[in-house]
Amino acid sequence: MDEFELLAELLLPDIDKTPDYYENLYPERKLPEGARVTRVAPSPTGYLHLGTLFTALVNRITATTSGGVFYTRIEDTDKKREVEGGIEDIIGGLERFGISIDEGFISGEEQRGDYGPYKQSERAEIYQCYAKELIRRGLAYPCFCTAEDLAEMREKQENQKVRTGYHGEYAKHRNITFAEAKAFIEAGRPFTVRLRSQGDESRRVVFDDVIKGKIEMPENDEDFVILKSDGIPTYHFAHAIDDHLMRTTHVFRGDEWISSAPKHLELFRLLGFKPVKYGHISPIMKLDSGAKRKISKRKDPEAAVRFFAEEGYPTEAVIEYLMTIAASDFEDWRRANPTTDYKAFKFNTKKMSVSGALFDNDKLNDVSKIIISKMKSGEVYSKLTAWANEFDGDFYTILTQEPEYTKKMLAVDRDNAKNARKDISKWHDARNYFAYYFDSLFVPDYSLPERVTADDAKAFLTEYIKAYSAEDDRQAWFDKIKAIAPEIGFAAETKEYKANPEGFKGSAGDLSGVLRLAVTGRANTPDLCGIMSVLGRDKCVARINNYINSI
RNA sequence: GGCCCGGUGGUCAAGAGGCCUAAGACACCGCCCUUUCACGGCGGUAACACGAGUUCGAAUCUCGUCCGGGUCACCA
């Protein structure tokens, strides 16, 4: 046995398999030409956040478009940062947003597929097997430096103003002999396994990023850690092994990974793997007192996807919005295919933005409004109450007191309208938006519309109550307003008034504004006639009288 | 600081040397439609970061400057 062989046995004595074993265990996938295998590999260090959702969406739609496979893998190699319930939240969150998972973790517990296990902590042997092979081939070695040693070295490098890191002459154990290693091991010293990099900083690596195009960087020459002292791999090593063995073809990930791509490429090369294709996604940004910055889990509520649930955005609205960011041609497609499922959209990575998009709440609201406006009242009822049940118990009670009443309320300007009203953009808006339907939420407003004096308003409303009937249809309803108008100096027809503004105080339209204010406390509402018919006679009359007495 | 990536209206963006007098969407403003409020329709304000080059011709190619972002761990 040569030195390397001896070293491999010394360091990882329990590993008896060779890479061949795994190569055979996880054969190439039998997929049609052009099918892409993608994945999202979250680490359960927190809850599902926007960036992960976005990345998952891009991977998902790429697999769908190409007739490939999309799977999930849990990267739990950092046990210190792991959060209880993180897997459940992330996987469950993806499901809730309609990101279907073909393989891997399909819930907090369950995994399925032939390329598992899909959790890195359950794959330790596999990584160690490949690490052992690398040691055997002289491409990896043990490093016995402590955290203090490394910190000291770093400080020295900083003082000398040289590039920091474990490379070249600073790679202390790069040339360690078997005998030295053996002595350390026998003394019980912990060690990491580092790659013996074959790279040279003066040479360039070039790769073709499917989103950003050609990227050129110096080769990696860092002897970075591939196995931590607990035998668990670092992200870099796990990425290479897993994505090869799981037969991933395309990796879409945040662009903060670009700078470590040379490490990954070197790993693929040294391991003899065919490199995956990378697509580096620009982060979603946020405007923070004038400055653009990456959306942050800690500072920004909308970074946690939970935020959208709390606000009550329909999940499909969030996805629809994310699609507009992901693909510049998506909105055109949507206009041409207004009702088609977004999953039918042919995603092209070349149409993906290379610079980071600012998170645009106005745009999200608009997208969401359109989606909600397309729902019928029954659907709105079930979604709204489901939301309220979870996030606003008080409102839930109010809404479900008389379900039929609530449904009628939701049907106004929706079910029978040719063009449904674009009103609320999220369920959270509903409480305020529909407040006047419920006495407990109603807030009167005793102001007056333009062109209408308090005396006119009183005169009009007093007459109106006499004529009003809850059974009036839209025509009868307005005819009554028009009938009163001339009596108090207002034009019955808008046109009349416009033709002769001096001749009238205003028009019937202004008077309906008074009515609206009296009944709803608002200047803008959906169809007033519809609202009054839902409210019923008693409430309307009471509110009108109250208004007359208060102005 | 080194190394990367980026920079078209307030925001998202189309744009591959002449089709650019620079599309579209959101937001904002105005008008029209309308028996109320909306929906809708029409229109408007508003941009190629800067400077050199290459070229008959540059938003588009090259270089430099500036600005923004990312990264330099036994974290992912």
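**View 1. Lining of the second largest cavity.** Met 409, Leu 410, Val 412, Arg 414, Asp 423, Phe 434, Tyr 436, Tyr 437 and Pro 526 line the second largest cavity. A cavity is a set of points, on a 1 Å grid over the protein atoms alone, where a 1.4 Å probe fits but cannot get out; lining residues have an atom within 4 Å of a point. The space inside is about 40 Å³. Volume here is the space filled by probe spheres set on the points. Seven lining residues are nonpolar, two are charged and none is polar.

This is a predicted model: local features need pLDDT of at least 70, side-chain atom pairs count only at pLDDT 80 or more, and totals for chains, interfaces and linings use all residues. Residues are numbered from 1 along each chain as its sequence is written.

**View 2. Lining of the largest cavity.** This cavity holds about 50 Å³ of space. Its lining includes Phe 54, Ile 325 and Met 352, along with the run Ile 281, Ser 282, Pro 283 and Ile 284. Ser 353, Ser 355, Gly 356 and Ala 357 also line the largest cavity. The lining has seven nonpolar and four polar residues, with no charged ones. Five cavities of 30 Å³ or more are counted.

**View 3. Helix α11 and its cover.** Helix α11 (a DSSP run of H or I, at least four residues) spans residues 315-326. From first C-alpha to last, α11 reaches 16 Å, close to the 16 Å expected at 1.5 Å a residue. Of its 12 residues, 10 are buried, meaning under 20% relative accessible area (1.4 Å probe, protein chains only). Among them are Glu 320, Tyr 321 and Ile 325. The cover includes α3 (50-66), α10 (306-311), α12 (330-336) and α13 (361-373).

Notes
Chains lettered and ligands numbered in written order. Heavy atoms only, no water. Helix = DSSP H or I, 4+ residues; strand = E, 2+ residues; numbered from the N terminus. Expected span 1.5 Å × (residues − 1). Buried < 20%, exposed > 50% of the residue type's maximum accessible area, 1.4 Å probe, protein only. Contact = heavy atoms within 4.5 Å. 1 Å grid on protein atoms, 1.4 Å probe; cavity = no way out; pocket = protein on both sides within 12 Å on 5 of 7 lines; lining within 4 Å. Nonpolar A, V, L, I, M, F, W, Y, C, P; charged D, E, K, R; others polar.
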